[in-house]
Amino acid sequence: MIDNTTLQGYLAANKDFTTVCEIYAADAVPGASGFDPDDAIGWYAAVSGVTFMGNSYTRLVKKFSNIKRTVSAESNTATVEFSNVSRVISTFEFDNGFEGLIMVVRLISRASSATIANSLVMFAGRCEKPTSGNKDSLSVTAKWILGTQEVLIPRRKYTKEDQ
């Protein structure tokens with residue numbers, strides 16, 4: 001259920017939707033209206049010519065894998081496969097390292113989405129270290145960190161020998 005009536009109208013009337021991926025610093029936090037693309041350190045899309053809120057998205061996404069959302073103890077995940085033919089994404093990995101960065105997968109209307117409120121965040125999570133990559137592609141998986149159901153406290157197990 002979408003509470004934003006403007007976005008509901010866009011989804012019903014428009015056919016120009018694009019899924020984009022934004023990469024944020026590890027210490028980034030969403031503002032009052034969500035993650036701001038102006039604060040991202042990387043903007044990526046599966047098609048060329050995508051701009052949103054003045055940011056140009058580089059065509060490097062080969063595939064958005066299924067975004068796994070469950071309401072259980074299992075973690076929600078998303079995987080994005082980036083093209084590495086131009087070596088741009090491997091350079092990003094060597095310069096920044098995906099591990100620990102925040103990945104946001106967002107649905108936008110290329111003609112109508114002009115603000116954060118007029119986009120739909122499909123996933124926000126912390127990137128894991130890429131485990132598969134070659135000269136053609138690099139897959140990055142993220143685990144959902146926002147709105148998690150349970151937080152284990154303490155984060156480590158205590159034994160009877162602990163004080």
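**Notes on the predicted model**

1. Let me begin with confidence. Among the elements of the chain, helix α1 (residues 5–13) has the lowest mean pLDDT, 67, while strand β2 (residues 42–45) has the highest, 94. Here pLDDT is the predictor's confidence in each residue, from 0 to 100, and helices (H or I, at least four residues) and strands (E, at least two) are DSSP runs numbered from the N terminus. Over the chain the mean pLDDT is 82, with 79% of residues at 70 or more.

2. A word on the ground rules. This is a predicted model, in which local features need pLDDT of at least 70 and side-chain atom pairs count only at pLDDT 80 or more, whereas totals for chains, interfaces and linings use all residues. Residues are numbered from 1 along each chain as its sequence is written, and side-chain values use heavy atoms, with hydrogens and water left out.

3. Please take care with residues 148–154, where pLDDT stays under 50 and the model has 1 contact (heavy atoms within 4.5 Å) beyond four places in sequence. Where pLDDT is low, the predicted coordinates should not be read in detail.

4. The structure holds 5 aromatic pairs. Rings of Phe, Tyr and Trp (its six-membered ring) pair if their centres lie within 6.5 Å; planes under 30 degrees apart count as stacked, over 60 as edge-to-face and the rest as tilted. Y24 and F35 make a tilted pair, at 5.0 Å centre to centre and 40° between the planes. Because Y24 lies in strand β1 (residues 17–24) and F35 in the loop between β1 and β2, this pair ties together parts that are 11 residues apart in sequence. Both Y24 and F35 are buried; buried means under 20% relative accessible area, exposed over 50% and partly exposed in between (1.4 Å probe, protein chains only).

5. Ring pairs also link Y44, F82, F92 and F98 into a cluster. F92 is buried at 8% relative accessible area, and F98 is buried at 0%.

6. Which residues does E81 touch, leaving out those up to four places away in sequence? They are L60, V61, K62, K63, S137, L138 and S139. E81 is found in strand β6 (residues 77–83) and counts as buried, at 17% relative accessibility.

7. Two backbone angles deserve a look. Most residues other than glycine have a negative phi. M53, in the loop between β3 (50–52) and β4 (55–59), has a positive phi near 55°. R87, in the loop between β6 and α2 (88–96), has a positive phi of about 65°. M53 is partly exposed at 27%, and R87 is partly exposed at 37%.
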